There are 2 protein chains.
Amino acid sequence: MARVTLTRGPFDESVHEGLVAVWRHGDGLVEAWGDPARTVLPRSSVKMIQALPLIESGAAEAAGLEARHLALACASHQGAPAHTSLVREWLGAEGLAEADMRCGAHWPQDRATSNALVRSDGRPDQTHNNCSGKHAGFLTLNRRLGGGTEYVEPDHPVQRAVRAAFEEVTEEDSPGYGIDGCSAPNFAASLEGIARAMAGFAAAADGVGSGARAEAQARLVHAMMAHPLLVAGEGRCCTELMEAAKGRAAVKTGAEGVFVAIIPEKRLGIALKVKDGATRAAEALIAALLVRYGILDAADPAARRRMAPVMTNWRGIETGTARVSLT
Amino acid sequence: MARVTLTRGPFDESVHEGLVAVWRHGDGLVEAWGDPARTVLPRSSVKMIQALPLIESGAAEAAGLEARHLALACASHQGAPAHTSLVREWLGAEGLAEADMRCGAHWPQDRATSNALVRSDGRPDQTHNNCSGKHAGFLTLNRRLGGGTEYVEPDHPVQRAVRAAFEEVTEEDSPGYGIDGCSAPNFAASLEGIARAMAGFAAAADGVGSGARAEAQARLVHAMMAHPLLVAGEGRCCTELMEAAKGRAAVKTGAEGVFVAIIPEKRLGIALKVKDGATRAAEALIAALLVRYGILDAADPAARRRMAPVMTNWRGIETGTARVSLT
């Protein structure tokens with residue numbers, strides 16, 4: 001079982017259990033903890049899959065999108081100016097506006113941005129939504145496909161294209177979807193199906209294969225690795241782990257305790273789900289797996305901060321830590 | 001097993017498991033889910049125990065404390081003006097100041113208060129700490145006991161008095177402590193020991209027993225039930241459930257998925273711990289248990305909001321719900 005235990009003083013205080021599937025392209029399932037056939041909702045961890053039709057349709061090329069736009073399309077960002085300004089610039093260049101988005105607004109996680117909004121009596125808009133880059137991608141794809149304005153409807157051409165790509169790379173018929181925080185359908189798959197998809201991205205980024213699919217996969221992985229700050233933001237797990245990995249892995253979190261990793265040099269894809277949905281445990285596990293597969297050193301500060309954090313209280317007094325076990 | 005399952009569309013997305021112990025004063029363990037002998041850190045759920053020495057020492061009477069002060073001593077509040085102004089008034093009347101506190105400062109959970117601080121370029125102080133009422137109580141007790149300034153040290157007279165009361169009402173020798181978010185030691189006990197302690201509070205509030213201990217227990221339970229808003233705050237689970245219970249139960253949350261209930265009319269004490277520490281699951285379970293023991297109707301809005309919430313996304317679209325099972 002994959003387990004993350006939180007301690008306080010001499011006591012184990014809380015315990016998280018995780019499911020993990022590790023897939024090697026061309027070989028199959030390498031390792032698993034828990035049942036890799038379990039159906040999961042991958043949430044934001046599969047934004048690089050949701051971005052495939054944007055490239056494969058020719059929409060990205062027509063819109064002149066660069067690596068930074070593609071990284072943002074794969075992002076769960078914290079709504080800092082670096083993120084929102086790029087979304088606005090992108091939409092503007094396409095003759096689109098914030099009002100065309102269907103992700104909804106929420107307060108940005110970036111504290112400085114949030115405080116600036118409070119001070120100016122402002123309100124967040126849809127560009128602050130952590131998924132706004134994905135939605136800019138959906139809108140750009142929609143211009144190419146000529147669909148209606150409600151591009152998050154499950155039977156809209158945009159989402160039909162996303163579902164087709166999702167089923168192709170997971171090599172499964174999706175059993176259905178849930179509606180995500182950003183209103184887009186989030187298609188379900190087995191955990192190993194998601195790991196298999198990530199292994200496909202890894203192989204493509206390592207130069208395996210050719211054609212539109214492999215090219216799109218490679219571009220997205222390299223875009224994420226080249227722009228860690230755009231994929232999440234300062235202090236965030238995805239950003240810090242990708243910066244520490246120095247171009248050797250792309251990682252992506254999803255709500256409710258999901259995390260994936262793409263390791264091109266080993267053609268490995270990792271997918272994990274914490275049963276109870278806890279982000280803190282998903283972050284600890286993905287860091288431990290990057291160490292296990294030789295991408296990060298166990299002493300790497302970014303890895304340690306997630307795997308074995310020194311937990312402190314409001315006066316800075318150390319109260320406990322966490323430990324990961326993969327047994 | 002006590003279980004809370006979160007759904008999204010047709011899928012079970014995340015699952016929490018809980019341990020529950022229900023104790024009836026004079027009878028013993030009534031029901032349990034999971035191992036009731038498991039050692040847990042009760043965190044803020046036992047603030048009414050930590051407040052016993054404040055009353056039993058005579059300190060509360062000497063300071064002229066009323067029910068509202070006692071409710072605040074048992075609170076994990078959200079730092080709204082109702083909470084912070086009472087703490088300041090209390091400290092001031094004792095010739096004490098915010099600087100005498102040792103809980104540390106954190107941003108108040110109350111959004112309006114937090115935003116007002118941001119707008120005025122202010123910073124939270126220790127009165128905003130959710131435990132500031134408990135610390136006002138510790139400081140008041142300390143004046144009576146004549147201890148040094150570092151009243152959160154585990155061997156300080158204040159914490160020795162707390163430990164003695166804790167071991168007496170749980171009827172266990174505590175195996176030790178962890179340091180809490182507010183820097184006070186948090187003594188461990190078995191889950192059933194905590195339920196037993198809560199049953200003692202329930203019986204005392206129902207008029208069972210006499211003497212300083214029973215009087216103090218009854219005063220604290222009645223203070224919590226009389227001032228639900230002081231115990232937590234607007235929109236918070238403890239407040240809403242106690243308002244719905246209309247004086248028939250006191251409930252209190254603790255960090256890392258702990259919750260207790262005191263039901264005087266049945267002389268019942270309930271203690272629960274969600275294994276992974278999730279607050280959302282602890283809230284769902286305590287609401288379900290209040291329904292199970294006849295305190296709340298299953299259709300009560302406050303109970304339903306925790307047990308079977310309608311979960312919506314950033315555009316207000318319904319995405320899922322939760323279900324509690326006690327099997």
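How many residues of chain B are in contact with residues of chain A? Taking contact to mean heavy atoms within 4.5 Å, 47 residues of chain B are in contact with 47 residues of chain A.

Before I go on, a word on conventions. This is a predicted model, in which local features need pLDDT of at least 70 and side-chain atom pairs count only at pLDDT 80 or more, while totals for chains, interfaces and linings use all residues. Residues are numbered from 1 along each chain as its sequence is written, chains are lettered from A and ligands numbered from 1 in the order in which they are written, and side-chain values use heavy atoms, with hydrogens and water left out.

Let me stay with the interface. The area buried between chain B and chain A, that is, the accessible area (1.4 Å probe) that two parts lose on being put together, summed over both, is about 3,600 Å², and carbon and sulfur atoms give 52% of it. Of the area that chain B buries against chain A, B:F11, B:W314 and B:R315 supply 19%, more than any other three residues. There are 6 salt bridges between the two chains, a salt bridge being a side-chain nitrogen of Lys or Arg within 4 Å of a carboxyl oxygen of Asp or Glu; B:E256 forms one with A:R280, where the closest N and O atoms are 2.7 Å apart.

Now the symmetry. With copies superposed by least squares on the C-alpha atoms of residues with pLDDT of at least 70 in both, a rotation of 180 degrees with 0.0 Å of shift along its axis brings chain B onto chain A, at an RMSD of 0.0 Å. The two copies are thus related as by a two-fold rotation axis, and the same surface serves both, since 100% of the contact residues of chain B recur in chain A. The residue of chain B that comes closest to that axis is B:R119, at 2.4 Å (C-alpha).

Finally, one helix pair within chain B. Helices here are DSSP runs (H or I, at least four residues), numbered from the N terminus, and axes are lines fitted to C-alpha atoms over the stretch in contact, with angles from 0 to 180 degrees between N-to-C directions. The axes of helix 7 (residues 132–145) and helix 8 (residues 157–170) of chain B come within 9 Å and cross at roughly 105 degrees, which makes helix 7 of chain B roughly perpendicular to helix 8 of chain B, a label covering 65 to 115 degrees. On the helix 7 side, B:F138, B:L141, B:N142 and B:L145 meet B:P157, B:V158, B:Q159 and B:V162 of helix 8.

Methods. Helices (H or I, at least four residues) and strands (E, at least two) are DSSP runs, numbered from the N terminus. Angles under 35 degrees count as roughly parallel, over 145 as roughly antiparallel, 65 to 115 as roughly perpendicular and the rest as oblique.
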